[in-house]
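Let's take a walk through this model together, one stop at a time. Keep the sequence and the 3D view open as you read.

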Amino acid sequence: MDPKITEVSQVFERFKAAFVRKDFDTCTSLLSQLKVLLTGFKSLPPLFEETPNAVHELTLARDIYEHAVVLSVKTEDQDAFERDFFQLKPYYTDARGRLPQSPQEYPILGLNLLRLLVQNRIAEFHTELELLSPSALENPCIKHAVELEQSFMEGAYNRVLSARQTVPHETYVYFMDLLAKTVRDEIAGCSEKAYDSLSLSDARQMLLFSSDKELLEYINEEHPEWEIKNGSVFFQRAKESVPCKEIPSLQLINQTLSYARELERIV
Amino acid sequence: MTQDVEMKEQQPAPSNSLSSTSPSTLQHLKDIAALIETGAYTREVRRIVRAIRWTIQLRKKLKASVLSAFLNFVLVPGSDVHSRLSSYVPKEDEHDMEVDTATSATQAPAKHSLPELEIYSYLLVLIFLIDQKRYSEAKACSSASIARLRNLNRRTVDVLASRLYFYYSLSYELTGDLAEIRGNLLALHRTATLRHDELGQETLLNLLLRNYLHYNLYDQAEKLRSKAPRFEAHSNQQFCRYLFYLGKIRTIQLEYTDAKESLLQAARKAPVSALGFRVQCNKWAVIVRLLLGEIPERTVFMQKGMEKALRPYFELTNAVRIGDLELFKAVAEKFATTFSSDRTNNLIVRLRHNVIRTGLRNISISYSRISLADVAKKLRLDSANPVADAESIVSKAIRDGAIDATLDHANGWMVSKETGDIYSTNEPQIAFNSRIAFCLNMHNEAVRALRFPPNSHKEKESAEKRRERQQQEQELAKHIAEEDDDEF
């Protein structure tokens, strides 16, 4: 066997051992080592050279990046997640013809969808979604994320929150917790517009706080413009489109002059 | 600028098929060759454009015998190109061909083989192969032509080249190997940019977008599109295609307002005969308008030749208009195969939320006050806690400005607000202004698009002077042509 492959495999074994021990610092340093070693393989993207060990190398690299993605979730590092995911993606798209499908593919793709949802990057979410085949959309991991997005768009926030209990994969919990925070901000934004006032206990329930104290802290931090009176929260109403009392004369003069100029040109 | 119609491989059948005997077709081809020749010598790109348009009309009449006779006529027999191109044309009907060669020989053909004519021959053979459904040979032929094009840098070839790029991509698409040529197309686009070949850039950019979108690679397509140089469109068809692709990308990325504009413009600008293309544009435009919360008019679905193709979308629109979730689900299931072949499935999933919105809007208009439990019942929300769901859905709709209402949590009802008098605000003035601006802009663009024949304002030069000038130009062109020949 190629000595390079052996070396990578050995480091990867140590990485996996550390991973099981939950020794994430060791994992991170081993991972950077692995990534450097991987650059030595010519069969990997973007070169895709047809070396004799191509399939073996590709599988190994894919496995490493899959672990890297999961590791970034465990260390709660979203930037690292994005980086590792993009490095992994060519193995799922461009190398599809060369490798058997990875069992981790759908969970990881679903995880990425969830991340985009949490970061409120809905356009990218849909772009990713277009890349999936109809059979992939049936996969529980993907479906979970897709349904979440739908409930989120509709405004059925209860469904988003109850989805936490039905996560298809343990790594999803981290993002689901983040999503709960996003949902709270959304609810706060909606309530502000939809209600004149809410009693404190209702507001607490709606914004998913366990005590009034947390609620008050949240209001102080995020929405200082809300007013608390007589045990109720009063939201500042957004300004309505008031009937115009004054004629915007300057604007009108400008417009009329430009019409005159244009008409002059035509006639 | 160019008028030739080639959007979706749908050509109106040539009018008189009876007179389409091979000699006349050959004669036509020879006329075209002459046209290209003069175009090349006088450096008038427009002549070449006309030649291509003419060729497309002859397309249905192309036969192997005619083609090989034409090749013998324009190319030097025994030359590299000649033998290569002839190998693609099936040798049938030997007798007929001999007659044609004989006649062509007597006509004292120009045997110096201009690069333009060479490229034109490639184009002709390629069109023929595609029409004959001999795709693997078409692929080989197009690749050879692209390799030849790389070494040519002449403005008069650009028009022909852009057509070749199109058929190059088409032949690969027909065999399903579009991903293979992506690198090549990118390289060609780069070359075209360096040579300021704007038509080529335009065509290649569209081909690349098509290539990416074929594999649903919207991200890459958008990155390329936003970074590629843009300039005023040279070809109406290419511009239509560009708008269509742009509309698709924007739809996926949820920029519905811009997407709608691009798609509608593409549908309007497309030539009447490009029915397939217009149907596609309309399908997407309908969905985008639905996603925007608009309901397309009935006339959109009743356009000539489109009723059947747009039927599923018509029923879908109906479901959204009524705001009935059950009906919407039924329609989506009924036409699932159509939607998935149109690749609009994911968009239709997004529509669910609009159905709820419309239903909600209807409720808000009809009732001044309604309990949330009734709202949930009317919207047919089937969930564990319909009232809480309805409440959050309504509050989001209020925030997004879809309905004008307030919620009363303590009593559990929704109170719709009185609609104010819009004419007491500045709104109408703003709307009026934007319409006037649109009309004025349209007029200005129309004026700018007018085309005048070159030098018409100058004095007419005398006949003798013109002859002299033309002769000089021709000599110069011949010189250059010979130099080119020497190079290769």
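Start in chain B, in the loop between helix H6 (115-131) and helix H7 (135-150), where you'll find Lys133(B). Helices here are DSSP runs of H or I with at least four residues, strands are runs of E with at least two, and both are numbered from the N terminus. Phi of Lys133(B) is near 60°, a positive value in a residue other than glycine. Most residues other than glycine have a negative phi. Lys133(B) counts as exposed because it has 8 C-beta neighbours inside 10 Å. The cut-offs, with C-beta atoms placed from the backbone, go like this: 20 or more other C-beta atoms within 10 Å of a residue's own make it buried, 12 or fewer make it exposed, and anything in between is partly exposed.

Before going on, a word on the ground rules: this is a predicted model, local features need pLDDT of at least 70, side-chain atom pairs count only at pLDDT 80 or more, and totals for chains, interfaces and linings use all residues. Residues are numbered from 1 along each chain as its sequence is written, while chains are lettered from A and ligands numbered from 1 in the order in which they are written.

Chain A has a positive phi too: Lys22(A), not a glycine, has one of about 65°. Lys22(A) lies in the loop between helix H1 (3-20) and helix H2 (24-38) of chain A. With 9 C-beta neighbours inside 10 Å, Lys22(A) counts as exposed.

Now for the inside. A nonpolar core is a set of buried Ala, Val, Leu, Ile, Met, Phe, Trp, Tyr and Cys residues joined through C-beta atoms within 7 Å. The largest one has 170 residues, and Val125(B), Leu126(B), Leu164(B) and Val394(B) have the most contacts inside it. H6(B) gives the most to this core, with twelve residues.

Where do the two chains meet? The contact takes 33 residues from chain A and 33 residues from chain B, a contact being two residues whose C-beta atoms, placed from the backbone, lie within 7 Å. On the side of chain A that touches chain B, H6(A) gives the most, with six residues.

Last stop: an open sheet of three strands in chain B, in the order S1-S3-S2 with antiparallel pairing. Two strands pair if DSSP finds at least two bridges between them. S1(B) and strand S3 (residues 413-416) of chain B pair over three bridges, and Arg369(B) stands opposite Val415(B) in S3(B).
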